[in-house]
Amino acid sequence: MQISKRYFGLATGLILSTFMLYACSNETAEEIESVSAEENEVAVIAPHEDLNQLPVAPEIERDGDDVSVKMTAQITDIEIDKDYNYKAWTFNGEAPGPVIVVNEGDTIHYTLENLDPAIPHSMDFHAVHTAPDTGFADVAPNEEGTFVYQANSPGVFMYHCGTDPVLSHIANGMHGVIIVKPADGYPTDDEIDREFVIIQNEWYKYNDLNDMTNNEPSQVVFSSKALNKEYQPNTDGTVGALIDEPLQAKVGEKVRFYLANMGPNEFSSFHVIGTILDDVYIDGHPYNHNKGMQTVGLPASGGAIIEFTLKEEGQYKFVTHQFNHVQKGAAGKIIVEGE
């Protein structure tokens with residue numbers, strides 16, 4: 001349901017540009033290969049050419065069950081691979097965008113400020129019920145819009161820009177995760193020692209809708225979004241991000257991952273090398289409880305909570321078991337130290 005909007009709709013006169021690790025091996029970060037920047041890159045949209053808007057934190061305030069969230073749509077340079085800078089379309093200058101955490105039963109008062117001078121953007125929350133033409137309406141360049149939603153279903157959900165062509169907006173970087181915590185918690189809450197948000201996404205030729213539609217991604221990557229900044233990195237979706245800045249844990253701890261696959265196109269077969277997934281909640285819903293899994297399948301926009309115990313010291317890699325994607329960067333690492 002929409003409560004207010006200053007201005008929505010397409011800007012007039014705007015032309016939108018058409019836009020492994022080998023089988024559970026122990027290879028080093030340097031051995032992970034990735035596809036370099038593509039030749040014949042698409043030219044940057046003219047209003048974006050000299051634009052590099054620095055990341056800003058979202059504004060999140062709680063008043064009882066009402067949660068106000070203000071975010072930006074903006075253009076920010078991100079080095080997604082070595083010497084490959086991508087002029088990403090982002091939420092708050094991050095790709096994936098900042099993680100949003102609310103509770104089941106909360107009312108979300110969401111404001112999007114569109115700092116992009118050329119293109120309308122919007123917000124599509126997979127965690128809510130709303131009429132998309134009003135609840136996910138476009139916000140014009142240099143304008144802002146405010147919407148209200150109920151968060152009535154717990155889980156790990158994708159959010160993304162829903163402006164046409166949606167593929168261009170997601171593939172250029174406009175996606176992230178919203179977690180709706182269940183009112184009664186999860187059966188395993190008391191067992192968890194550490195928790196992390198882990199996201200998979202893909203990159204293609206810059207703003208090339210044909211490449212995004214018809215070709216394989218040039219990079220497939222993992223990122224981490226900080227729930228607890230004491231022990232968790234907050235990274236963009238870049239090649240080697242969670243190899244260069246690995247996660248940390250201790251022997252015997254039970255770890256929870258809030259997982260999400262942003263796609264926009266590829267399937268993820270998420271696997272942690274050297275352990276078994278004790279508990280898995282598909283889409284993060286407590287009713288969807290599985291035990292003893294080896295790999296979790298995540299379609300594009302799919303989510304899950306996985307929980308596992310790390311029983312020995314060492315380095316534990318996590319990957320998608322589609323190893324062609326591991327070669328393109330989809331690998332991370334947990335360093336486990338003694339108690």
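The paragraphs below walk through this predicted model, from its nonpolar cores to its sheets and salt bridges.

Because the model is predicted, local features need pLDDT of at least 70 and side-chain atom pairs count only at pLDDT 80 or more, while totals for chains, interfaces and linings use all residues.

Let us start with the inside. In soluble globular proteins, nonpolar side chains tend to be buried together. A nonpolar core here is a set of buried Ala, Val, Leu, Ile, Met, Phe, Trp, Tyr and Cys residues joined through side-chain atoms within 4.5 Å; buried means under 20% relative accessible area, exposed over 50%, and partly exposed in between, using a 1.4 Å probe and protein chains only. The largest such core has 45 residues, and Phe91, Tyr110, Phe125 and Ile178 have the most contacts inside it. At least two residues each come from β3 (66-81), β4 (84-91), β5 (100-103), β6 (107-114), β8 (144-150), β9 (155-160) and β10 (175-181). Strands here are DSSP runs of E with at least two residues, numbered from the N terminus. The biggest contribution to this core is that of β3, with seven residues. Apart from this core lies another, of 27 residues, including Leu259, Phe270, Leu277 and Phe308.

Setting aside neighbours within four places in sequence, Phe125 is in contact (heavy atoms within 4.5 Å) with Ile100, Tyr110, Phe136, Tyr149, Met158, Tyr159 and Ile178. Phe125 also stands opposite Tyr159 in β9, while Asp124 stands opposite His160 in that strand. These residues belong to strand β7 (residues 124-125), which runs antiparallel to β9 and is joined to it by two bridges. Two strands pair if DSSP finds at least two bridges between them.

On the β10 side, β9 pairs in the antiparallel sense over six bridges, with Val156 opposite Ile179. Together these strands belong to an open sheet of four, in the order β5-β10-β9-β7, with mixed pairing. The edge positions go to β5 and β7, each with a single partner strand, so one side of each has no neighbour in the sheet. In a regular strand the side chains alternate between the two faces of the sheet. For β9, both faces are covered: Gly155, Phe157 and Tyr159 are buried on one side, and Val156, Met158 and His160 on the other. In total, six of the six residues of β9 are buried.

A second open sheet has five strands in the order β13-β21-β20-β15-β18, again with mixed pairing. Its edges are β13 (247-250) and β18 (296-298), each with a single partner strand, so one side of each is left without a neighbour in the sheet. Neighbouring strands of this sheet are turned by 25 degrees against each other on average, direction ignored; the axes are lines fitted to C-alpha atoms, and angles run from 0 to 180 degrees between N-to-C directions. Strand β21 (residues 331-337) pairs with β13 in the parallel sense over four bridges, and Val336 in β21 is the bridge partner of Ala249.

Now for the charged side chains. Side chains of opposite charge can pair when their charged atoms come close. Counting a side-chain nitrogen of Lys or Arg within 4 Å of a carboxyl oxygen of Asp or Glu as a salt bridge, the whole structure has 13 of them. In one, Lys87 and Asp77 bring their closest N and O atoms to 2.8 Å. This pair links strand β4, which holds Lys87, with strand β3, which holds Asp77, 10 residues apart. Lys87 counts as buried at 11% relative accessibility, whereas Asp77 is partly exposed at 33%.

Another salt bridge joins Glu253 and Arg194, with closest N and O atoms 2.7 Å apart. Glu253 sits in the loop between β13 and β14 (254-263) and Arg194 in strand β11 (residues 194-203), so this pair ties together parts 59 residues apart in sequence. Both Glu253 and Arg194 are buried.

Glu307 and Lys254 also meet in a salt bridge, at 3.9 Å from N to O. Here strand β19 (residues 303-309) provides Glu307 and strand β14 provides Lys254, 53 residues apart. Glu307 is buried with a relative accessible area of 0%, and Lys254 counts as buried at 8%. Salt bridges that share partners join Asp189, Glu191, Glu195, Lys254, Arg256, Asp279, Lys291 and Glu307 into one network.

Key. Residues numbered from 1 in each chain as written. Heavy atoms only, no water.
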